[in-house]
Amino acid sequence: MSKAHDFLSQHPLLRQLLMMLVISLVAIIIVFIVLKIYARVGQEYPMYDLVGDNIEEISDTNALGLEYVVIDSIFDNTQRGGTILSQDPKAGALIKKGRKVYVSIASYHEEEAVMPDLKDMSVKQAVSTLNNMGFGIGRLKFVTSQFSGAVLEQTYKGRVIQPGDPLARGSKIDLTVGITPEKSSAIVPFIIGKSPEKAHYSIHSGGFNVGGEHFDGVGDRSKAVVVRQSPDYTGLQRYPLGTSVELWYSDGSTIDVDKLVNDFKVDSSQIFDTPIDDNSDDDIWAW
């Protein structure tokens, strides 16, 4: 028998401690191996792009075994109920199999709001009021009237909407606005670098309509920013009120938005007329 064996035989307490140490080390190694297998360390995959898909049409038996959790339901009358509006993790993020993916979807049921009284409001006031109440802006129609800059009528799908009438949120309201010949034009607002929502707000508040919109190459419209507009902003050129402004978008996460805005800014030293300040109430829309 070895001296080590003799020594351990003579010291049973030490032998037990060594055995416990060996067992503990083995247990730790087994735990690490199990955790590595369970967590699939080093095995990560790019997250799918779910935005625009319908939650009911996504298979639970997908290749990554993902679990989809709905965290919010938002009314959007432009989307079918169940359409995924946003996701976390974002598309392209590296994830492991079997993880939870949190999504917001378009609600299945319309939410209603009471139509406000927009008559005699300025365009800016009417646009702001409709946005705050969850309504959209359809078309701005201008007619000759002694009440220049004032809303004369509010309609939805050709039907006059009375104040107090219930209507689904997201519905686009058309406005008929009065103008006089001497106040029938304005400077188109500067839209470059803005999101679709802010671009629409600026265009409508300025007395113009949103024309064609181009999202070529933009996968997630929540990241879209305007990279081109027509008519262009010059700070001087005026256009008839109601003119449609066409917009081109790009993915804002792939471009330098600040540089884009600076590249399109007009040199104020070259402007010899005072442009309308979009943030001022001192213009033809003030009432």
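A salt bridge here is a side-chain nitrogen of Lys or Arg within 4 Å of a carboxyl oxygen of Asp or Glu. By that rule, this predicted model has two salt bridges, and one of them joins Lys-259 to Asp-263. Welcome to the structure; the points below go through its salt bridges, its strands and its helices in turn.

**Salt bridges**

- Side chains of opposite charge can pair when their charged atoms come close.
- Lys-259 and Asp-263 meet through their side chains, with 3.0 Å from N to O.
- These two residues belong to helix α5, which covers residues 257-264, and because they are four residues apart there, about one helical turn separates Lys-259 from Asp-263.
- Lys-259 is partly exposed, at a relative accessible area of 48%, while Asp-263 is exposed, at 52%.
- The side chains of Glu-57 and Arg-80 form a salt bridge too, with an N to O distance of 2.9 Å.
- This pair links distant parts of the chain, 23 residues apart: Glu-57 sits in the loop between β1 (45-46) and β2 (67-74), and Arg-80 in the loop between β2 and β3 (84-88).
- Glu-57 and Arg-80 are both exposed.

**A four-stranded sheet**

- Strands of a sheet pair through backbone hydrogen bonds, either parallel or antiparallel.
- Four strands make an open sheet in the order β7-β11-β8-β9, and their pairing is mixed.
- The edges are taken by β7 (136-144) and β9 (159-160); each has a single partner strand, so one side of each is left without a neighbour in the sheet.
- Inside this sheet, β8 (residues 151-156) pairs with β11 (residues 172-179) in the antiparallel sense, over four bridges.
- To find this pairing in the model, look for Val-151, whose bridge partner in β11 is Val-177.

- Helix α3, residues 123-132, lies across β7, β8 and β11, and runs at about 160° to β7.
- Two packed helices are described by the angle between their axes and the distance between the axes.
- For α3 and helix α4 (residues 196-205), the packing angle is about 150° and the axes are 9 Å apart.
- Angles over 145 degrees count as roughly antiparallel, and α3 and α4 are therefore roughly antiparallel to each other.
- On the α3 side, the contact is made by Val-123, Lys-124, Val-127, Ser-128 and Asn-131, which meet Tyr-201, His-204 and Ser-205 of α4.
- The residues of this contact divide into three nonpolar, four polar and one charged.

**Strand β16 and its partners**

- Which residues of β16 (residues 244-251) are on its covered face? They are Val-245, Leu-247, Tyr-249 and Asp-251, while Ser-244, Glu-246, Trp-248 and Ser-250 make up the uncovered one.
- Strand β13 (residues 209-214) runs parallel to β16 and is joined to it by four bridges.
- Val-210 has Val-245 as its bridge partner in β16.
- Strand β14 (residues 224-230) pairs with β16 in the antiparallel sense over six bridges.
- For Val-225, the bridge partner in β16 is Ser-250.

**Around Tyr-45**

- Tyr-45 lies in strand β1 and counts as partly exposed, at 26% relative accessibility.
- Leaving aside residues up to four places away in sequence, Tyr-45 touches Leu-64, Ala-93, Leu-94, Ile-95 and Lys-97.
- Tyr-45 and Gly-92 are 47 residues apart in sequence, and their C-alpha atoms are 8.5 Å apart in space.

Key:
Residues numbered from 1 in each chain as written. Predicted model: local features only at pLDDT ≥ 70, side-chain atom pairs only at ≥ 80, totals over all residues. Heavy atoms only, no water. Pairing = 2+ DSSP bridges. Contact = heavy atoms within 4.5 Å. Axes fitted to C-alpha atoms, helices over the stretch in contact; angles between N-to-C directions. Parallel < 35°, antiparallel > 145°, perpendicular 65-115°, else oblique. Nonpolar A, V, L, I, M, F, W, Y, C, P; charged D, E, K, R; others polar. Buried < 20%, exposed > 50% of the residue type's maximum accessible area, 1.4 Å probe, protein only.
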